[in-house]
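Trainee: Before we begin, could you take me through this model by setting each label against its definition?
Mentor: Gladly; put the structure up and ask as we go.

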Amino acid sequence: MSTVLSRDAYFETGLDVLSDLGYGGLKLAEVCSRLRVTSGSFYHYFSNWADYTSSLLAYWLEARTVRSIDRLAAIGDPRERLATIIDIGLGLPHGAERAIRTWSNLDERARRTQEEVDRRRFEVVYESVAEIVEDTRLAHRFAHWSVFLLVGYEQTSLPKDRDALRDIMIRLMRFLEENSPSS
């Protein structure tokens, strides 16, 4: 059962556990079982469970938000940037994100990380929209709508329908275009 893995493998597996089992299912035994490693292998990378969970939150912030925003910076056209933001949003591990929101209600570290993720996601949408509409109030509202929509999608108990989420985001983009100065 001994396998050498990277730290990222532990983090991706943790996100998978969160997606599949929720915050309550995130346990050392589950992570190790899915990776087919012993707890000794785990302790090669992490000093304890708190070290792992803190590192998992940092990884989630970096891998699912910071890196995505960094890639967006290379897209000069704000409309194209928003279309890419929609694609990124559709591709997020929504089950893990839902579980992290639950976690953030119970743990200060998770709450701070969740707030940072929400702030950064809001800002990248706001900045992109502000380039299109030149109306800070509308850009502010659009960014809020986008974050509210994503969080609501992740939190609902309805079956997940990415096509419906994409459709409503496209409709919001049309609304934005209809209200931009160039239309």
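Trainee: What makes a residue count as buried, and what share of the protein is buried?
Mentor: Buried means under 20% relative accessible area, exposed over 50%, and partly exposed in between, with a 1.4 Å probe and protein chains only; by that rule, buried residues make up 45% of the 183 residues. Keep in mind that this is a predicted model, in which local features need pLDDT of at least 70 and side-chain atom pairs count only at pLDDT 80 or more, while totals for chains, interfaces and linings use all residues. Residues are numbered from 1 along each chain as its sequence is written, and side-chain values use heavy atoms, with hydrogens and water left out.

Trainee: Why is Arg 81 called buried?
Mentor: Arg 81, which is placed in helix H5, has a relative accessibility of 9%, and therefore counts as buried. Its contacts (heavy atoms within 4.5 Å) include, leaving aside residues up to four places away in sequence, Leu 72, Ile 75, Gly 76, Ser 128 and Glu 131.

Trainee: How do you know which segments to call helices, and how many are there?
Mentor: Helices are DSSP runs of H or I with at least four residues, strands are runs of E with at least two, and both are numbered from the N terminus; on that basis the protein has 9 helices and 0 strands.

Trainee: What makes a space a cavity, and how many are found?
Mentor: On a 1 Å grid over the protein atoms alone, a cavity is a set of points where a 1.4 Å probe fits but cannot get out, and lining residues have an atom within 4 Å of a point. The search of the whole structure finds 2 cavities of 30 Å³ or more. The largest cavity is lined by 24 residues, with Ile 85, Ile 86, Gly 89, Val 125 and Leu 150 nearest its centre, and H5 gives the largest share of that lining, 6 residues.

Trainee: Why are Arg 36 and Glu 134 called exposed?
Mentor: Arg 36 counts as exposed because its relative accessibility is 61%, and Glu 134 likewise because its relative accessible area is 64%. Arg 36 lies in the loop between helix H2 (28-35) and helix H3 (39-45), whereas Glu 134 lies in the loop between H7 and H8.

Trainee: What is the phi of Arg 36 and of Glu 134?
Mentor: Phi is near 60° in Arg 36, a positive value in a residue other than glycine, and near 55° in Glu 134, also positive. Most residues other than glycine have a negative phi.

Definitions and conventions
1 Å grid on protein atoms, 1.4 Å probe; cavity = no way out; pocket = protein on both sides within 12 Å on 5 of 7 lines; lining within 4 Å. Points joined across faces, edges and corners; volume = space filled by probe spheres on them.
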